[in-house]
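User: I'd like to learn how to read a few features of a protein model. Could you walk me through them?

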Amino acid sequence: GAPILLLLQKARIQTTDMSRMLNLYTTGGSVAEAACGWMKENDFANAKRVLGWVPVQCEPGEQEVSGACEPCAPGTYSTGGFSARCVPCIPGFYQDLTGKTECAPCPAGSIQPLPGQAACTDV
């Protein structure tokens with residue numbers, strides 16, 4: 001509960017809304033779901049007070065950087081989601097393009113012993 005309590009305190013949310021948000025959070029919802037639901041119910045009138053407290057949801061192949069989504073660099077991938085991060089390809093795999101959701105295995109006759117690489121080396 002600490003992240004949701006901080007959101008509730010900073011946004012000056014009414015007790016009834018607070019109870020509804022805490023219930024959602026304690027039954028498996030995320031901080032972002034609780035905050036977005038509250039903003040929708042209030043016609044986004046309170047959006048400015050909470051936007052800085054809601055994590056960014058990025059598309060697959062992107063990561064959150066300073067509150068915005070940016071494509072993953074070659075050698076990395078992302079499955080997207082809230083506060084997404086690009087993950088380096090594991091050894092034996094590569095990704096030569098930006099904004100991808102997975103890495104590819106090195107083709108037959110090539111290797112990549114290092115993580116986070118954009119190419120494999122012929123053997």
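Analyst: Happy to! Keep in mind that this is a predicted model. Let's begin with contacts: setting aside neighbours within four places in sequence, tyrosine 77 touches Cys72, Arg85, Cys86, Val87, Pro88, Lys100, Thr101, Glu102 and Cys103.

User: Then what about serine 78?

Analyst: Serine 78 is in the loop between β4 (76-77) and β5. With a relative accessibility of 1%, serine 78 is buried, as the cut-off for that class is under 20%. A polar atom of the serine 78 side chain lies 2.7 Å from the backbone oxygen of glutamate 62. Beyond four places in sequence, the contacts of serine 78 include Pro60, Gly61, Glu62, Ala84 and Arg85.

User: Now for charged pairs. How many salt bridges does a search of the whole structure find?

Analyst: The general idea is that side chains of opposite charge can pair when their charged atoms come close. Here the search of the whole structure turns up one salt bridge. Its partners are the side chains of glutamate 64 and arginine 85, with 3.5 Å from N to O. Glutamate 64 is in strand β2 (residues 62-65) and arginine 85 is in the loop between β5 (81-82) and β6 (87-88), so the pair ties together parts that are 21 residues apart in sequence.

User: Are glutamate 64 and arginine 85 buried or partly exposed?

Analyst: Glutamate 64 is buried, at 14% relative accessible area. Arginine 85 has 49% relative accessibility and counts as partly exposed.

User: Let's turn to helices. Which residues of helix α3 are buried?

Analyst: In helix α3 (residues 31-41), the buried residues are Val31, Ala32, Ala34, Ala35, Trp38 and Met39. Around the axis they cover an arc of only 165°, so they lie on the same side of α3.

User: And how far does helix α2 reach from its first C-alpha to its last?

Analyst: Helix α2 (residues 15-26) has 12 residues and reaches 16 Å, close to the 16 Å expected at 1.5 Å a residue. After α2 comes glycine 28, which has a positive phi, near 110°.

Note on methods
Residues are numbered from 1 along each chain as its sequence is written. This is a predicted model: local features need pLDDT of at least 70, side-chain atom pairs count only at pLDDT 80 or more; totals for chains, interfaces and linings use all residues. Side-chain values use heavy atoms; hydrogens and water are left out. A salt bridge is a side-chain nitrogen of Lys or Arg within 4 Å of a carboxyl oxygen of Asp or Glu. Helices (H or I, at least four residues) and strands (E, at least two) are DSSP runs, numbered from the N terminus. Buried means under 20% relative accessible area, exposed over 50%, partly exposed in between (1.4 Å probe, protein chains only). The expected span of a helix is 1.5 Å times one less than its number of residues. A polar contact is a pair of N or O atoms within 3.5 Å; within protein, one must be able to donate a hydrogen and the other to accept it, and residues adjacent in sequence count only if both atoms are side-chain atoms. Contact means heavy atoms within 4.5 Å. The arc is that of the directions from the helix axis to the C-beta atoms.
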